[in-house]
Amino acid sequence: MSDDELSIDANIFEEPEGFLPPPPESHYATYDRKVSHAEPKQIRMKLVGKSPLWGHMLWNAGIFTADYLDKHATELVEGKRILELGAAAALPSLVCVVNGAKEVIATDYPDPDLINHIEYSFGELSQKVPQISDYKVKGYIWGNNVKEALYGDEETRDLKEDEKFDLIILSDLIFNHTEHHKLLSACRQSLKSTGKCLVVFSPHRAHLLDEDLKFFQTCEEYDFKAERIDMINMTPMFVEDEETAEVRSRVYSYFLIPRW
């Protein structure tokens, strides 16, 4: 072949080997339980390497939620049906399955990689603990019909009362301001009249704290009453300007109480 001839046998549009960096690999995070009687004392989670949905991080809100559920397991977890929305690392759900819940369903966006990582963490925990609660890991898009997504039931769209949940966990979700109504719709569909939603969040964008807090006004449109539990400070998740560090370090916690 002469120098000015072009072979089309090869894919001329293929990037040269090593041109693009490899995608970030899966990694692990560990959580040390703080209650004295904890067994196991440590829980390990497998996280995706990178996620536009932020599922590759263990968040302060998730740690606070896990601490709170461990401490209040008798009241909130034992014998209860529990649903977690936007689970990501699924730490609160993992804490619930070792605290005697009746059933735990951990959900997140139906991305196969994300769901597989959550399932891995549950599977690994089940190998270490002789007996954990029944659990499921499901893909669920906020605002969609809960019964269809969780149980594949397209004929009866409403959950029966005994199919609903005693506790719904929303850990670091409400920074998605456009999703407030969808989150609250899912909670309204799914919560027992005797149940509670546990909502925990940090204001990662300090200037939008008021928008975060509007969630607890909007909840009234769905027949929920918001009750603040606590506000603590933890090390901010992101290194940004010092001026907003105190606000970004906050972890707020609330219950949503049904009024129906």
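Is R205 buried, partly exposed or exposed? In this predicted model, in which local features need pLDDT of at least 70, side-chain atom pairs count only at pLDDT 80 or more, and totals for chains, interfaces and linings use all residues, R205 is partly exposed, with a relative accessible area of 35%. Residues are numbered from 1 along each chain as its sequence is written, and side-chain values use heavy atoms, with hydrogens and water left out. Burial is assigned from relative accessible area, with buried meaning under 20%, exposed over 50% and partly exposed in between, for a 1.4 Å probe and protein chains only.

R205 is placed in the loop that runs between β7 (191-201) and α7 (209-213), where helices (H or I, at least four residues) and strands (E, at least two) are DSSP runs numbered from the N terminus. When residues up to four places away in sequence are not counted, R205 touches F175 and H177, a contact being defined by heavy atoms within 4.5 Å. The C-alpha atoms of R205 and V247 are 8.7 Å apart in space, although 42 residues separate the two in sequence.

D172 is buried yet has no salt bridge, and R205, the nearest side chain of opposite charge, is 9.1 Å away. In this assignment Lys and Arg count as positive and Asp and Glu as negative, whereas His and the chain ends are not counted, and a salt bridge requires a side-chain nitrogen of Lys or Arg within 4 Å of a carboxyl oxygen of Asp or Glu. The side chain of D172 does make a polar contact, at 2.9 Å, with the side chain of H204; such a contact is a pair of N or O atoms within 3.5 Å, of which, within protein, one must be able to donate a hydrogen and the other to accept it, and residues adjacent in sequence count only if both atoms are side-chain atoms. Apart from residues up to four places away in sequence, D172 touches W59, A61, V200, F201, S202 and H204.

W59 and S171 are among the positions that an unreviewed UniProt entry lists under "binding site", together with G86, A87, A88, D108 and W142; UniProt positions are given in the numbering used here, feature names are shortened, and annotations may be inferred rather than shown by experiment. W59 lies in the loop between β2 and α1 (60-71) and is buried, with a relative accessible area of 10%. S171 belongs to strand β6 and is likewise buried, at a relative accessible area of 10%. The residues that S171 touches, not counting those up to four places away in sequence, are A61, G62, T65, E84 and V200, and a polar atom of the S171 side chain lies 3.4 Å from the backbone oxygen of A61.

Helix α1 is largely enclosed by the rest of the structure, because 10 of its 12 residues are buried, namely N60, A61, G62, I63, F64, T65, A66, Y68, L69 and D70. At 1.5 Å a residue, α1 should span 16 Å, which agrees with the 17 Å between its end C-alpha atoms, the expected span being 1.5 Å times one less than the number of residues. The buried residues of α4 are L114, I115, H117, I118, S121, F122, E124 and L125, and their cover includes β2 (42-47), α3 (91-97), β4 (103-108) and β5 (134-139).

The salt-bridge count comes to 14. In one of these pairs, the side chains of E103 and R81 meet at 2.6 Å, N to O; E103 lies in strand β4 and R81 in strand β3 (residues 81-85), so the pair ties together parts that are 22 residues apart in sequence. R81 is buried, at a relative accessible area of 7%, as is E103, at 15%. E103 also forms a salt bridge with K136 (3.8 Å, N to O), and because K136 lies in strand β5, this pair ties together parts 33 residues apart in sequence. K136 counts as partly exposed, at 30% relative accessibility. A further salt bridge joins D223 and R188, with the closest N and O atoms 3.6 Å apart; it links D223, in the loop between α8 (215-218) and β8 (224-233), to R188 in helix α6, 35 residues apart. D223 is partly exposed at 35% relative accessibility, and R188 is partly exposed at 26%. Through shared partners, salt bridges join R81, E103 and K136 into one network.
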